[in-house]
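Keep the sequence and the structure in view while reading.

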Amino acid sequence: LIHVVFVNSSGGNFDSSFDAEKGVGTIVIAKPLDAEQRSIYNMSVEVTDGTNVAVTQVRRQIPNEQEC
């Protein structure tokens, strides 16, 4: 079982735009994202299996729909 925690979410997941699938840890978009309001998300993500812990940085850039 994998558990994911978003830590130090300043400039990242403070508004719960992202979530993690329970048990597998895949980061998913939890609600619609608007590149005009915010185009870059930087998050520190902590992952644990109950014994081991790993922390990594995740950066996600949201393309502007008008540019696609």
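Thr48 counts as buried because its relative accessibility is 17%, and buried means under 20% relative accessible area (1.4 Å probe, protein chains only). The model is predicted: local features need pLDDT of at least 70, side-chain atom pairs count only at pLDDT 80 or more, and totals for chains, interfaces and linings use all residues. Residues are numbered from 1 along each chain as its sequence is written, and side-chain values use heavy atoms, with hydrogens and water left out.

- Thr48 lies in strand β4 (residues 40-48); strands are DSSP runs of E, at least two residues, numbered from the N terminus.
- The Thr48 side chain reaches the backbone nitrogen of Gly50 at 3.0 Å and the backbone oxygen of Asn52 at 2.9 Å.
- β4 and β5 form a hairpin with four residues between them, and Gly50 in the turn has a positive phi of about 100°.
- Nine bridges join β4 and β5 in the antiparallel sense; two strands pair if DSSP finds at least two bridges between them.
- Ile40 stands opposite Gln61 in β5.

**Confidence**
- The protein averages a pLDDT of 80, where pLDDT is the predictor's confidence in each residue, from 0 to 100.
- Mean confidence is lowest in strand β1 (residues 3-7), at 70, and highest in strand β5 (residues 53-61), at 88.

Terms used. Buried < 20%, exposed > 50% of the residue type's maximum accessible area, 1.4 Å probe, protein only. Polar contact = N/O pair within 3.5 Å; in protein donor to acceptor, adjacent residues only side chain to side chain.
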